[in-house]
Amino acid sequence: MQKKINASIDAICRHVIGKQEQVTLAFSCLLANGHLLIEDLPGMGKTTLSHALANVLGLQFSRIQFTSDLLPADMLGVNIFDSNEQAFKFHPGPIFNQLVLADEINRASPKTQSALLEAMEEKQVSLDGQTHSLPSPFFVIGTQNPMHQSGTYPLPESQLDRFLMRIQLGYPDWQAEKLMLSSAQSKTEKALSAVMQLSEFSQAQQAAAQIHSSDAVIDYILRLVTYSRESGKFPNPLSPRASKALLQASRAWAYIHGRDYLVPEDVQAVLPAVAEHRLRSSLTDLHGQGSLSHQLLEAVDPLAA
Amino acid sequence: MLKAARNSSILLLSGCFIALSVSMFTEILSWILILVLCAFVMRLTLYFEWHKSLPKVRTLNLLALLSGLALAWFSFQLGLLLSMVNLLVMASALKLMLLRNQRDFLQLVATQVFLTACGFIFEQSIAYSLFYTAICLLLLLSLAVYFAPGLQWRTLSKKTAIMILQAAPIAVVLFLVLPKLGPLWQMPSQRGTETGLSDTVTPGDIAELSRSAKLAFRATFEGALPQPQERYWRAVVMEHFDGKTWQTHPTRVAARRQYLNANAEFTPDVSGRSYRYQVIAEPTSQRYLFALDVAIPDGSRSNRQIWQDHSYQLFSRDILHSTFVYNVRSFPETALDDTLFSLERRLNLQRPDKGNPRTREWISELRQQFPVDAEFIRAVQRFFVEQDFRYTLQPETMQENPVDQFLFDKQAGFCAHYASAMAYALRLGGIPARMVAGYQGGEVDNDGYISVYQYDAHAWIEAWTEQRGWVRYDPTALVAPNRVMFGLQNVLSEEDSELVGEPLSLARLSAFPLFNQLRLLLADIDYAWSRWFLGFDQQSQRDMLRELLGELSVQRLMWLSVGTLLGIMALLALFFLPRWQRDTRPREVKAYETALMLLSKHGIERTAHIPPETFSKEVSRLCSAGVAATFARLTRLYINTQYRNGSSAVHERDAKTLLSDLRRQLKQQAS
Amino acid sequence: MARSFALDLRSIFIFPSVFGGLFLLLCLCLFLLGTNYQNNLMLALCFFLVALFLINLFTSYLNFARLKISLGNTQHVYAGDDIRFAIWISQHSGEENTAHGKLQFRFWLQKDSIEVDVDSTQNPIWITLPTRRRGQYSMPRLTVSSYYPLGLYRCWTHLLFDHSTLVYPKPVPCEMALDYLSEDNNESESHAITRGHDDFDGLKSYQLGDPLYHVAWKQVAKGQGMVSKQFSSSQSSSGWLRLLPCSADNVEHKLGQLCFMVNQLSQQQVTFGLDLGSVQIAPDSGVHHQEACLAALATFTWGKHA
């Protein structure tokens, strides 16, 4: 199983060059059964990464471009009167896919955003009294453009909380970009084929959830969370949901790295991705104050009894 | 503003208050007790929110005014001490009704603690002491609840208990070492609640003599105990008789005062065998003491505290407000003084001019028949034996000419009747005679002490003759010889024993060995309590210190005070300095931390947020291969125990050897 | 770092409370009474209470010294409202025992104190400070005191948090006075036609994600497949809010009005700038812009305007 996972990650990395860490984080996010938020400028490979993830895991994929006039129904689907059958027929929206790329999520109106987030949380869609369950597994990869733009609706903190992780891709380094450019022609055509079966993936998910977490690690997580609450340095302290997310993500990370137990390194590795967007009051100004999650990490000693 | 509903601290305080008041029911006026009950019920209803509003201040002011007036009226009968206690209880009850803020609450708690202490004036037995101590601790708990209302009961009681246990040893040290002072000034005593013997006896008035089973005193003998018929404990001598009532003669009282002021003391000449014993007297609020004839104070301390007058009566210089311990030596073979001063003769021949005509007639006939004093006395005694006299605790009242009625009509009574009649008869016959009240008998306990209870109270007479001086006669013994030989319970009829209190009934169960053992055990405990705790006074303290330090010089006393201070400080340090905490963490963890320390000594510091695995990699970058490898193994052990479900026992030896390896390698690396 | 205080020997004051004095008086009374009545029970009680008094000194102090008090973040408020400071109470790390009992918090020069039971209160504790004027409010000295365990001692400490907060002017409802930018004097401002809702622009084939109400149902009914309508609009205009010259006693009123307008415009997501004479904030929109504008209004000083 470990081999398959590593092979999958390698395959994606070959596609999204120079982003080993982000790819692994994204993969562990899916492994922890959580939704992913990618925040970056256009053209950094957000869509490529999503595509690659979908392909490698053999998931159905759809992409919804969020705009200010997008209505919930546009995304969720609509009941349309079928003149042939003389009955209303459910016309499923683009959300009925295993992996949904919600592009520029902050452009949509709050109403649409909350419809999406509700679907993410409940894994089902309710329409005209009918409940349509979403496919399983169901992942949403949301993207946001961090540059301040007018006419956007930044996701409120409560909703940012629904994304297990938030990652930034950032510019590739010289080497990686060169490699990308030189191999551009051959790569584009070569579509990724599925490396893992869906059943295998859900097995891995279950295994990851079983990873042993000792008291020492749980105490460490608690100390981190408590520090965020009591130090007064963080505008938005971490919620119990955040601490749960932190544990889940750490487990997935440990699983990917072939361990059946948690060490503080796992927590430290996933913490920026899991906690940063929860600690911030709004998503803007990423580059201003430096990373809050790193401040948090540096303040808490993993060994202290 | 204090919340009244569901306020446990106030409820606890109210509970303590009512328990305290009820325990003092004999001292507290019943209408004040009703007031207390009202206040308690009021707090109860407020606590359970059956009723929500407090009474109006104006209503309570009116109530306070009325109660104050009523108490002022009653205070004339009560005396100062009881008035004060009643006032305190009354004021507390009113305050409890009114309790509104923190200040009220704290004042009330302080008052309750003070009242508890007042309880100790009235009752000093073990049971009451325990009860009052419990009340005091509950009051402290109520304070604790008030200042930490959110704490769970269990934690709170534990915390309070710890504090109390910490305070106890310091209190013991203070109690033992702080110098004990004599009374600084005269305190008001409880009028009407003086216990034990009274200094007047009116045999005809009493229809029923109910006797309590309370302890009067205990005597611890060195060596042999006196025979039962020798156990006449003299207490009060009564020389004035008005036809009905015997009491201490006013002339005698005046003479005593003179002697006391002149600091002149009567010391009898004694000879023959003697008993040495220590008496632990229960508080009586009076001055008289108890001793077998003829007694002299034993030891310098008792000499200072006790004095004796010409009637061989022993007195304490201070009123017995609490348990009083003294040593005496009694010489049973010494005859009482045979010289009779004219004053004494006059006192002891004094008799009323009128009343009791039949007795007068009988005596004048008898005296003519027996002109010799000894024969006359024998004739009077014979009268008691020959006539059909009966011993009872429930005689009929004899208001008119009581001696006549007793001698010729009723012929039934208890010791005071017999003593009174005989003394009067002898005086009529021209023989100086007086009544002596005291105790007779007592219960011998295993440990060689005699416990004398109130029901052992007795009265007998002394008559003076030219040849023999003062001689004791006990007419009761002629009628009921068992009373003297075997104690009261042996002569009582069925209905009489009903009159005697509970412990005597327990004493009647002495046929059952188990009960008897239990009773004696309780008596022993009570004895130890009175002797070692209640009787711990200036002298005992000095004896104890002398035993501890040798001769008490100023220097040694200074050392003692310094030592005490240091001792208390040491206790405080023991309680509060951070306890040496036992390290229960696994060895691997300790070894790893030692390794970290070693590394930091060699300049390799772990930044606080670096986890072990990462740090191990860092070490491998910075150190020699050997150090890195050993540290990596230590790290792995640490990770196994801390983060994995690894069993620690397997690696125990490893951790130690690795640590010594690391030390060695680090040294090598340094050199 | 003065946003968190771990109490220790140097920062704690301890002194017998009034009740402690009463308690000592009680002990003295018991001693006199016990001596005069030669009553050992009373004396023992007296010594026990004295010992308890001594023990309490340490218990009280140690309990208080276990506390760690930190300041959380504070919301900015409008003048006249109360500033709510969030106080977090925690224990020293590594301490096995925890602090107990009631705590009193009181700001310097404030009459009212608030009482908090450490054992049953959820963090944070809110302490309010009334405000009257706009401006920078630095947090006054906070006195924390405790009477635990028996009220015999008062432990207290003064905490001076290094923290200040802004109090915005009180909003005064008024007519909107947005000074619109005219196109001719601000050529560079982008006025590009963007896709919007105002004017019908054309038809395009339906894409997943297009709003349903843009679907041209007439065309769909005609069987031409799903077709969407396309619209366009020009960006809503932006402008300047200006503080007009006024007298000194009127300026607070004006600032209040500006404050109201800033909030209104931000709610409507209008791009605007703020011109206070001495301070100018370039046109923008969004939460941060709103905060910046309000901060400028809060700290505006009259003298500079002239």
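A residue counts as partly exposed when its relative accessible area lies between the under 20% of a buried residue and the over 50% of an exposed one. Leu557(B) has a relative accessibility of 37%, so it belongs to the partly exposed class. Keep that scale in mind as we walk through this structure, which is a predicted model.

Let's stay with Leu557(B) for a moment. This leucine sits in helix 21 of chain B, which covers residues 554–576.

Two packed helices are described by the angle between their axes and the distance between the axes. For helix 22 (residues 587–601) and helix 24 (residues 625–642) of chain B, the angle is about 145° and the axes are 9 Å apart. The crossing of helix 22 of chain B and helix 24 of chain B is left-handed. On the side of helix 22 of chain B, the contact is made by Glu588(B), Val589(B), Ala591(B), Tyr592(B), Ala595(B), Leu596(B) and Leu599(B). Helix 24 of chain B answers with a set of residues that includes Val627(B), Phe631(B), Leu634(B) and Tyr638(B). Sorted by class, this contact holds 11 nonpolar, three polar and one charged residues.

Strand 17 (residues 457–465) of chain B pairs with strand 18 of chain B in the antiparallel sense, over five bridges, and three residues join the two strands. Within this pairing, Glu462(B) stands opposite Arg472(B) of strand 18. How many of the five residues of strand 18 of chain B are buried? Four are, and the strand, residues 469–473, is mostly covered.

Now to chain A, where 13 helices and nine strands are found. Of its 305 residues, 54% are buried. Among contacts in chain A with a separation of 6 or more, 77% link residues 24 or more positions apart.

Five of the strands of chain A form an open sheet in the order 2-5-8-1-9, with parallel pairing. Strand 2 (61–65) and strand 9 (163–167) of chain A stand at the edges; each has a single partner strand, so one side of each lacks a neighbour in the sheet. From one strand to the next, the twist averages 20°. At one end of the order, strand 1 (residues 35–39) of chain A pairs with strand 9 of chain A over four bridges, in the parallel sense. There, His35(A) stands opposite Phe163(A).

Strand 6 (residues 124–127) and strand 7 (residues 130–133) of chain A run antiparallel and are joined by four bridges. Gln124(A) has Ser133(A) as its bridge partner. Two residues lie between the strands, and Asp128(A) takes a positive phi near 50° in this hairpin. In a regular strand the side chains alternate between the two faces of the sheet.

Is Gln268(A), a residue of chain A, buried or exposed? With a relative accessible area of 15%, Gln268(A) is buried. This glutamine is part of helix 12 (residues 264–279) of chain A. Leaving aside residues up to four places away in sequence, Gln268(A) touches Tyr220(A), Leu297(A) and Pro302(A), and also His609(B) and Pro611(B).

Chain C brings an open sheet of its own, with five strands in the order 2-11-10-6-7 and antiparallel pairing. Strand 2 (13–16) and strand 7 (114–117) of chain C are the edge strands, each pairing on one side only. Neighbouring strands are turned by 25° against each other on average, direction ignored. Strand 6 (residues 102–107) of chain C meets strand 7 of chain C over four antiparallel bridges, and the bridge partner of Leu103(C) is Val116(C).

Finally, see how chain C meets chain B. Chain C brings 44 residues to the contact and chain B brings 55. Between them, about 4500 Å² is buried, with carbon and sulfur atoms giving 77% of that area. Asn36(C), Tyr37(C) and Leu41(C) supply 17% of the area that chain C buries against chain B, more than any other three residues.

Methods: Residues numbered from 1 in each chain as written. Chains lettered and ligands numbered in written order. Predicted model: local features only at pLDDT ≥ 70, side-chain atom pairs only at ≥ 80, totals over all residues. Heavy atoms only, no water. Axes fitted to C-alpha atoms, helices over the stretch in contact; angles between N-to-C directions. Left-handed = near helix turned anticlockwise from the far one by under 90°. Contact = heavy atoms within 4.5 Å. Nonpolar A, V, L, I, M, F, W, Y, C, P; charged D, E, K, R; others polar. Pairing = 2+ DSSP bridges. Buried area = accessible area lost by both parts, 1.4 Å probe. Buried < 20%, exposed > 50% of the residue type's maximum accessible area, 1.4 Å probe, protein only.
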